[in-house]
Each structure stands twice: as structure tokens, then as C-alpha cells.
Amino acid sequence: MSLTTPAGDTASGSRLHSDLHWLFARLKQGLATAETSVVREHGMSLWGYTVLMAIVEAPMRSQLSLAQAVSVDKSKLVLVIDELESAGLVCRRPDPADRRARIVEVTEDGRRALDAARNDVEAIENNLLADLDAPSHQALRSVLRQLVGAPVGRIEDGQQAGNACAPPQP
């Protein structure tokens, strides 16, 4: 699917193709389609890949802080960690400061799988951004990093994520 009309004209002036939600949703859909099979080759799902990156980035995180770091519901995170643990990519151990909590750690197999998956994902991202010059590529990443911080928090305004595709409730 491309950003063109059936006649082949670019649709960049249309409302749809100017809508940030649609643009980001289409970008996410394309990346997910391309990256899902790649990370599966390394024994994980896309959520598993994201969680594994967060674990490697900041070891000794509790499951609760990990859920907050990757913006996923705690119950979903448990399923993702179960998946990663079953694949031998992470292990859980009791937190010495709070025996009720668990610390999730990457295994050596997990580190190797993440490195290999990251290389494949970077190739997909580079292919996606191939039409941009280097300054545009860097600017895009910089602007996106800025937007996922305080601006997203500001528009979410403390609301819980719901099913955006569900019909409105009366």
C-alpha cells in the first residue's frame, strides 16, 4: 500500500494523508508487517523485542518499572516475559529489596538474539528511510524522540489506552 490514489497521483494534499493518526498508524502497520517475521526468526514477538531492548538498556528493573518504560499494561507484560523466559532469552529472580517483586534479566542467549534481531530491524528501518538524506533521517528520529515524551503525556492527560477501533459508547 502506498500514499497514492488509484490514478497514481500523490495524495499528500488529502485530509487522510495529512492526518497524524493515519500517518503514524500506516507507518506502524508497515514496520510491524516487515519486522514481525524478522524478530520471530530470533525467537521473539515484536513486544518481546521491545521488552528485551528495555531490559538490556536498564538492567535490574522490576516488572512494574519495565511495564512503565515500554508503555504496556502489566498483565500484557507478564505474558511477554513468560514468552521470553520460555525461549530462554530472559530469567526472573526475586528482588532482594522486595521478595514479592521480580527482577527480569537477559540471558546470554537473549543478548545474542537481541543483537541479531536489532541488526535485521535496523536494515528494515534503513530501507524505510532510504529516500531521506542523512540530515532528514536524523531530524525525523530526533523529532519522534521529542514527541514520545512530554507531548504524548500531555495529550493522553492521564487517560488509559482503550480500543481505538471500538465504536463509541453511548
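Is Asp-98 buried, partly exposed or exposed? Select Asp-98 and colour by accessibility: at 27% relative accessibility, Asp-98 counts as partly exposed. Here buried means under 20% relative accessible area and exposed over 50%, with partly exposed in between (1.4 Å probe, protein chains only).

Before going on, note that this is a predicted model, where local features need pLDDT of at least 70 and side-chain atom pairs count only at pLDDT 80 or more, while totals for chains, interfaces and linings use all residues. Residues are numbered from 1 along each chain as its sequence is written, and side-chain values use heavy atoms, leaving out hydrogens and water.

**Stop 1: salt bridges**

A salt bridge means a side-chain nitrogen of Lys or Arg within 4 Å of a carboxyl oxygen of Asp or Glu. Arg-100 counts as exposed, at 76% relative accessibility. The structure holds eight salt bridges.

Now go to Arg-118 and Glu-122. Their side chains meet in a salt bridge (3.4 Å, N to O), and both residues lie in helix α5 (residues 108–128), four residues apart, about one turn of the helix. Helices (H or I, at least four residues) and strands (E, at least two) are DSSP runs, numbered from the N terminus. Both partners are partly exposed: Glu-122 at 34% relative accessibility, Arg-118 with a relative accessible area of 23%.

Arg-141 counts as partly exposed at 28% relative accessibility, whereas Glu-125 is buried, with a relative accessible area of 15%. Show all of these together: Arg-118, Glu-122, Glu-125 and Arg-141 are linked in a network of salt bridges.

**Stop 2: helix α3**

Select residues 63–70, which make up α3, and show the side chains of Gln-63, Leu-66, Ala-67 and Val-70, the buried residues of this helix. They sit on the same side of α3, because they cover an arc of only 100° around the axis; the arc is that of the directions from the helix axis to the C-beta atoms. What lies over them? The cover for the buried residues of α3 includes α2 (46–57), α4 (74–86), β1 (90–95) and β2 (98–106). Step past the end of the helix and you reach Ser-71, whose phi is positive, near 60°.

**Stop 3: the core**

Pick Met-44, Val-51 and Leu-66. Of the 23 residues in the largest nonpolar core, these touch the most other members. α2, α3, α4, β2 and α5 are the elements that give two or more residues to this core, and α2 has the largest share, five residues. Such a core is a set of buried Ala, Val, Leu, Ile, Met, Phe, Trp, Tyr and Cys residues joined through side-chain atoms within 4.5 Å.

Centre on Val-51. Leaving aside residues up to four places away in sequence, Val-51 touches Leu-66, Val-70, Leu-77, Val-80, Ile-81 and Leu-84, where contact means heavy atoms within 4.5 Å.

**Last stop: Leu-20**

Finish at Leu-20, in helix α1. Leu-20 is exposed, with a relative accessible area of 58%.
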